[in-house]
Amino acid sequence: MPRPPRNAYQGGFFHAGTRGNSRCRVFLDATDFNVFLMLLDRSERKYNWRVYSWCLMTTHYHLVTATPDGGLSQGVCELNGSFARWSNSRHEREDHLFGKRFGSTEILTNEQLKEACRYVVLNPVRAGMCEDPADWRWSSYRACAGFEPPQPFLALDPMLDLVTSFFGKSRSGRHAAYRDFVDAALTYGAVPVPGTGTEV
């Protein structure tokens, strides 16, 4: 039976990600993480994505991205394939690096968008890999919180403007608003995010 087509249309927003084959480790060291980010930057530029939030775990990754021109499936397939070929060559493996085809969930409202972005950067905390999202190098949290320069592919201004409108703060307080927004999920606990297939 053929797979159903994805609803990855122009102008949409999506929470996408891929797991390692049989939940194997995808990223073994800093070089793996950095090469993946370089390839993500290439896909973002080629397919004109707007990456609002991202996090690389050890066995999988998450992206929250807008697709003004479409191209979600093509971009993610190219990203995964390029990284898998490079990784297998570097680590002398022959098996599939990623398991099932990538997952994606459509985001329909600003509320869903904010919550999906927060969910993504809290993954390392919820997985017990760190106590504070600022301690995890491989996500968009540190850039959005104002602790380091943003990655070239990160849609920093749209992300901060989205959160600033939620807190009603001025543009000068956007980094603080973002930190408050993420901290609120840790303070008040996990709640379902309607329509995103996630919890925050």
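How far apart are the end C-alpha atoms of H1, and what should its 18 residues span at 1.5 Å a residue?

Modeller: The model is predicted, so local features need pLDDT of at least 70 and side-chain atom pairs count only at pLDDT 80 or more, whereas totals for chains, interfaces and linings use all residues. Residues are numbered from 1 along each chain as its sequence is written, and side-chain values use heavy atoms, with hydrogens and water left out.

The end C-alpha atoms of H1 are 26 Å apart, which agrees with the 26 Å that its 18 residues should span at 1.5 Å a residue. The expected span is 1.5 Å times one less than the number of residues. Helices (H or I, at least four residues) and strands (E, at least two) are DSSP runs numbered from the N terminus.

Just after H1, Asn-48 has a positive phi of about 55°.

The buried residues of H1 include Phe-33, Phe-36, Leu-37, Leu-40, Ser-43, Glu-44 and Tyr-47. Buried means under 20% relative accessible area, exposed over 50%, and partly exposed in between (1.4 Å probe, protein chains only). An α-helix has 3.6 residues a turn, so residues three or four places apart point the same way. The cover over the buried residues of H1 includes S2, S3 and helix H2 (72–91).

The sheet is an open one of four strands, ordered S2-S3-S1-S4 with antiparallel pairing; two strands pair if DSSP finds at least two bridges between them. Strands S2 (50–56) and S4 (103–107) stand at the edges with a single partner strand each, so one side of each has no neighbour in the sheet. From one strand to the next the twist averages 15°. H1 (residues 30–47) packs on this sheet by touching S2 and S3, and its direction makes about 165° with that of S2. Helix H3 (residues 110–121) also packs on the sheet, touching S1, S2, S3 and S4, at about 30° to the direction of S2. Contact means heavy atoms within 4.5 Å; axes are lines fitted to C-alpha atoms, for helices over the stretch in contact, and angles run from 0 to 180 degrees between N-to-C directions.

Within the sheet, S1 (residues 12–19) pairs with S3 (residues 60–67) over eight bridges, including those of Thr-18 with Tyr-61 and Gly-17 with His-62. S1 pairs with S4 over five bridges, and Phe-14 has Glu-106 as its bridge partner there. Six of the eight residues of S1 are buried, so S1 is largely enclosed by the rest of the structure.

Strand S2, which H1 touches, contains Ser-53. Ser-53 is buried, at 1% relative accessible area, and its side chain reaches the backbone oxygen of Cys-117 at 3.0 Å. Beyond four places in sequence, Ser-53 touches residues including His-62, Val-64, Val-120 and Leu-154.

Across the whole protein chain there are seven helices and six strands, and 50% of the 200 residues count as buried.

Definitions and conventions. Polar contact = N/O pair within 3.5 Å; in protein donor to acceptor, adjacent residues only side chain to side chain.
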